[in-house]
There are 2 protein chains.
Amino acid sequence: MTPRAAVLSIGDELTRGQCAETNGRWISEQLLEAGVMVVELRTVGDDREAIAKALRAFSGSVDLVVATGGLGPTHDDLTREGLAEAMGGVALEVSAKARAAIEARFAQRGQPMPPSNLRQALCPAGAQHLENAHGTAPGIVSVVHRTQVYCLPGPPHEMRPMFVREVVPSATALVACSGARAPGICTIHACGLPESLAAELIQPLMNRKANPMVGTTASGALVSARICAVADAAHDGSLERTACEIERAWGDYAFGRDSTTIAHALGETLASRGESLAIAESCTGGLIGQLITSVPGSSGWFTGGWISYSDDFKQSSLGVDREIVRSHGAVSEQTACAMAVAAATRANAQWSVSATGIAGPTGGTLNKPIGTVWIGIAGRVNRSGEVGVFARQFRFGGEREQIRIRAATTALQLARLAILGRADVRLLSQVTSSATAST
Amino acid sequence: MTPRAAVLSIGDELTRGQCAETNGRWISEQLLEAGVMVVELRTVGDDREAIAKALRAFSGSVDLVVATGGLGPTHDDLTREGLAEAMGGVALEVSAKARAAIEARFAQRGQPMPPSNLRQALCPAGAQHLENAHGTAPGIVSVVHRTQVYCLPGPPHEMRPMFVREVVPSATALVACSGARAPGICTIHACGLPESLAAELIQPLMNRKANPMVGTTASGALVSARICAVADAAHDGSLERTACEIERAWGDYAFGRDSTTIAHALGETLASRGESLAIAESCTGGLIGQLITSVPGSSGWFTGGWISYSDDFKQSSLGVDREIVRSHGAVSEQTACAMAVAAATRANAQWSVSATGIAGPTGGTLNKPIGTVWIGIAGRVNRSGEVGVFARQFRFGGEREQIRIRAATTALQLARLAILGRADVRLLSQVTSSATAST
């Protein structure tokens, strides 16, 4: 039988709705991948009794509990106390090793350890500390009524590596002992395809009783299909066949699988050709650059860019002709093209992408409503370095941040398609296409 | 006593981590605003028994339960069945009114009602349907052991209007009957202060029995104090007094309240002085620009910037002297200063901020390990436009994305402090300070 798990998230900021709870979803996904089914996620406040009650309720009914949060140095961090109570009211003891690790962490930064951090060296008698390579809060593992209980720090960048190092092997062992097999999971990502059309294109695969089971989710300009294959289907090639079928159905829109981002896919395209990219952003204000440089190794194909937020900057620093902005406006095909050409030329890159538009909340007009964005692409067309350029108009829905993220993602997809010679593919929210102009 | 509530989210896609659960946070926020405290959020799959068990666990222990999801037309939508079981195993009956409403909704679209949708007209005996103006799934309200239980549809655009129409008046009535008053909530944000020290500075306020109650959370280089005042303390000025006390204790580190970001605070500082800012980013790759331009109206004080990701770009486009990079390295005090001076000068801005460092995962050395970042600040020191400049070295913890976000946030705080004449304040992760140099 498939092992069962529960996830407990701890923090007043979560029960009060002041912060989004994001660890639970990630943990569920990871456990499912390892072959463990999460049957319940629970969130409680920084309350010793509520923590203890939840841990007691889970112990015995599931095989594995993963709790996050409440391991900080302050008096409202009560996971240690809650666990001790759930373990039958055992005492909290200072671990000399954990204390030394916390002190070392502060020493490394040239600071003395504040006395309050000593709380983080406490551990219920009979439980063990888990080393935290990314913060001061050690994790804790214990067994409550035959259920393995992992208490991990709340910040995702501390929790995730500890989860991978400690919980995944433990989950894998549980699955091996149970005789169940891990399901096969694969996600296909596309950009510029409406979710309804994306679902229609793979309709025959989306039956809820099918195995592998396929579901779609959409976020901004991205749409993803998540494939989950259980039992034999996880191991007989069905997963890969389904993945290929979806990629075939989505064609040029599909750019990668699993953890691949659109910036990553664009980077691979450029790197395989030994070419480079520059950018000139206006309404996206650095977001395109941020997406690009979040890819490790992007310095191999990304030269740099301009955040040309003001008209003056577009002219004086990027070198866009003042007359172009004056006669056509900052949000226009001509300005988008001029920005792209200037970026490629000045940065001496094979390719460039530009974005100029109106993200709101103000600045919209009848002809150029909020959400109007021009994306320009320039590329060297021959050895002598001549540059070809085109721009496309988009009208993105949503509010400021949605418009910005949709524009940035779409710009990267348009650049990728242009480099692959498929700039004719029509993307979601696209209003018009323009003829290729040469300068 | 403040009425207490629990939130139950239902769906296999949630326990499997295929979809993010977003209703719970929204509902918690809304209930808290009405004066009802959410003490637990729980997510279970499409499982009749799990739903019934959760509803039984909540009934009696809280005053109000809001459940979402599982009201669709398919056989894995089991909230109706789970509620009937929690009510003591009552029968499900077809509501003629609900059936007529669902049929009317399909007729409106010119479609016959699929037989499966008839399931949505089912209601446990003794419970009542709630009209859904935005979809086919009616909500259900019932009383289980004196606890009011609301079952609402899962899609947010159907759930939210029903919540506002049905649950909010009911919550308000509960609060009125209890004699409690809506709590007052306020959050104070600071940057560059370690969480443990931040907590120590306000220790007297952090007693868990105190009212207002204060808790801290940390994220990257930010630390926040959440103040929650209930009963009389919500209305007698205690909330504001506590907020001011925290701001006083945190001094220059504190930059704003509630939804104020560090970019927002920096922008207000600049706008109030009629001054402008330019940026030159290397390791942050656009993130500083993105944080700045996420503030609506930032075009009023942000001129633009350079994402100088390669050494070539730093020289050819930003105009940093090739000799400086060659002799001191791209990650150095001298390069950070030269980048800042070039940005302020070229963009004709009063102020500028630069960041150059090693975000990893590779590129670290013994002397400049991963996480090493130099942040430079340049500013006009007199009317003739002469520029003063300084840089500070930081060593940020975490992985690539953490290092980048910490560097970007810290750069904005350092700029804000410099403009306020408080550049001497030592910030979290700071390694050395350098003397102010003039160019």
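**Notes on a predicted two-chain model**

1. Helices here are DSSP runs of H or I with at least four residues, strands are runs of E with at least two, and both are numbered from the N terminus. A word on conventions: residues are numbered from 1 along each chain as its sequence is written, and chains are lettered from A and ligands numbered from 1 in the order in which they are written. Please keep in mind that this is a predicted model, in which local features need pLDDT of at least 70 and side-chain atom pairs count only at pLDDT 80 or more, while totals for chains, interfaces and linings use all residues.

2. Staying with H4(A), which spans residues 79-86: six of its eight residues are buried, so this helix is largely enclosed by the rest of the structure. Those buried are Thr79(A), Arg80(A), Gly82(A), Leu83(A), Ala84(A) and Ala86(A). Buried means that 20 or more other C-beta atoms, placed from the backbone, lie within 10 Å of the residue's own; 12 or fewer makes it exposed, and anything in between partly exposed.

3. What does H4(A) pack against? One partner is helix H3(A), residues 48-58, at an angle of about 45 degrees and with the axes 8 Å apart. That angle makes H3(A) oblique to H4(A); under 35 degrees counts as roughly parallel, over 145 as roughly antiparallel, 65 to 115 as roughly perpendicular, and the rest as oblique. The axes are lines fitted to C-alpha atoms over the stretch in contact, and angles run from 0 to 180 degrees between N-to-C directions.

4. A contact requires C-beta atoms, placed from the backbone, within 7 Å of each other. By class there are five nonpolar, two polar and four charged residues. Nonpolar covers Ala, Val, Leu, Ile, Met, Phe, Trp, Tyr, Cys and Pro; charged covers Asp, Glu, Lys and Arg; the others, Gly among them, are polar.

5. Now to H2(A) and H6(A) (residues 156-178), which pack at about 30 degrees with their axes 10 Å apart and are therefore roughly parallel. H2(A) passes H6(A) in a right-handed crossing. Asn23(A), Ile27(A), Gln30(A), Leu31(A) and Ala34(A) of H2(A) meet a set in H6(A) that includes Met159(A), Phe163(A) and Val175(A). The contact has nine nonpolar, three polar and no charged residues.

6. H9(A) (residues 262-273) and H14(A) (residues 400-419) make another such pair, with an angle of about 25 degrees and axes 9 Å apart. These two are therefore roughly parallel as well, and their crossing is left-handed. Their contact has eight nonpolar, three polar and one charged residues.

7. Stepping back, chain A has 14 helices and 19 strands, and 55% of its 439 residues count as buried. An automatic or database assignment gives domain 1 (4-178), domain 2 (184-257) and domain 3 (262-438). The C-alpha centres of domains 2 and 3 of chain A lie 29 Å apart. Ten residues of domain 2 are in contact with 15 of domain 3, and the domain 2 side has six nonpolar, three polar and one charged.

8. How many residues does each chain give to the contact between chains A and B? Chain A gives 67 and chain B gives 69. Strand E2(A) gives the most to the chain A side, with seven residues. That side divides into 23 nonpolar, 28 polar and 16 charged.

9. Finally, please look at Ile288(B), in helix H10(B) (residues 287-293). It counts as buried because it has 32 C-beta neighbours inside 10 Å. Leaving aside residues up to four places away in sequence, Ile288(B) touches Gly286(A) from the other chain, and its partners in chain B include Val353(B), Ala408(B) and Leu412(B).

Technical notes:
Contact = placed C-beta atoms within 7 Å. Left-handed = near helix turned anticlockwise from the far one by under 90°.
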